[in-house]
Amino acid sequence: MRNRLISFCAFLFVWSMLLASCGAEKAESGAALESGITIEQEQTEKESAGAGEESGADEGQARAGEHELPAAGEAGTPGLQGTQDDLPEAQEETEQLEAAEPEILHFVDVFGEEYQVEIDPGVEKHRYIAEGFVREGERLKYLDEGHTSRLGIDVSHHQGNIDWDAVAVGGYEFAILRIGYRGYGEEGILKADSKFEEYYSEAKRVGLDVGVYFFAQAVNEEEAGEEADFVLDILGGRQLDLPVTYDPESILDDEARTDNVTGEQFTKNSAAFCKRISEGGYKPMIYANMLWEAYNLELKQLKGIPLWYADYEALPQTPYNFEFWQYSNEGSVNGVEGVCDLDIQIIKLNDGN
């Protein structure tokens with residue numbers, strides 16, 4: 001019995017020791033685990049805080065780059081002083097750009113339809129002033145310090161029999177006569193105006209200065225040359241006081257052989273006709289309204305050839321230079337039955353008549 005009691009006491013002692021040893025190990029393990037979590041959290045918080053500081057620093061640098069002005073004279077930047085020095089040059093460039101902007105012309109055709117087109121800076125402009133044009137009924141005159149003017153008419157066989165004495169007494173000083181025309185049909189036959197010879201003789205007899213025009217329908221330069229030769233043959237070297245005018249026109253109420261002719265080709269035709277007329281000893285001129293000046297003729301290619309301008313508005317709409325202005329197609333002239341075209345010639349005072 002005694003031996004059993006000693007053995008039981010020994011067992012309890014060993015068991016208690018074992019329990020104490022396990023408790024110490026568990027405590028150390030738990031302390032180690034708790035310590036490890038704390039270190040990891042601290043490391044994560046530090047990394048997170050570091051990333052936030054770096055991001056904040058970059059954003060601050062970006063804002064500084066957007067809003068901070070460079071120091072004056074700093075290398076690689078003009079600085080405030082350099083910017084101020086560049087102001088006159090920048091202003092000059094702006095003015096040049098504004099000056100280079102195209103000038104737009106607004107005009108209407110004979111039917112009142114509106115158009116707008118860029119004004120060609122390379123074509124000579126007229127310097128006539130609006131106040132210089134003065135109307136007295138159907139009569140028009142132009143006066144300024146450098147110019148005077150005179151009135152005339154242009155006619156064809158459509159005017160029939162004309163009392164040229166009455167025309168001269170009425171104050172008209174010149175006449176532009178149709179000398180011939182090309183038919184606008186496919187054949188394009190050349191014909192003389194049936195009244196030309198009579199009109200020429202009578203107008204000269206009463207003391208009017210005379211010029212001629214040819215109604216053209218050429219489709220190429222060769223035909224324009226034929227038209228010029230046709231005119232020269234009819235003139236036969238006789239005297240003219242005014243130019244020989246090339247009159248290319250659109251046929252509005254019918255199909256015409258020139259319907260598909262381009263503006264470039266019309267320009268070449270006009271140049272070819274005028275060259276041949278000049279070689280024949282006469283002064284050439286071109287008839288055109290604003291539509292033709294804007295869209296059908298390259299006026300820069302016709303430099304030096306005077307223009308007979310047609311426009312029935314109160315004032316000429318063209319910005320380009322002209323010597324004659326057909327200002328009405330419904331004029332009433334003593335000695336002419338029905339309506340008649342009215343014209344004004346603007347003359348430089350140092351040019352004479």
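Colleague: Which residue stands opposite Met285 in β10?
Modeller: Thr245 does. Strands here are DSSP runs of E, at least two residues, numbered from the N terminus, and helices are runs of H or I, at least four residues. This is a predicted model: local features need pLDDT of at least 70, side-chain atom pairs count only at pLDDT 80 or more, and totals for chains, interfaces and linings use all residues. Residues are numbered from 1 along each chain as its sequence is written, and side-chain values use heavy atoms, without hydrogens and water.

Colleague: In what sense do β9 and β10 pair?
Modeller: Parallel, over three bridges, with β10 at residues 284–289. Pairing takes at least two DSSP bridges between the strands.

Colleague: And β8 with β9, over how many bridges?
Modeller: Five, also in the parallel sense. β8 is residues 209–216. Phe215 has Asp247 in β9 as its bridge partner. The chain goes from β8 through helix α5 (residues 221–235) to β9, in a right-handed β-α-β crossover. Right-handed means that, with the strands pointing away from the viewer, the path from the first strand over the helix to the second runs clockwise.

Colleague: Is β9 buried or exposed?
Modeller: Buried, at five of the five residues, 244–248, so β9 is largely enclosed by the rest of the structure. Buried is under 20% relative accessible area, exposed over 50%, partly exposed in between (1.4 Å probe, protein chains only). Val244, Tyr246 and Pro248 point one way, Thr245 and Asp247 the other.

Colleague: Cys274, buried or exposed?
Modeller: Buried, at 2% relative accessible area. Cys340 is buried too, at 1%.
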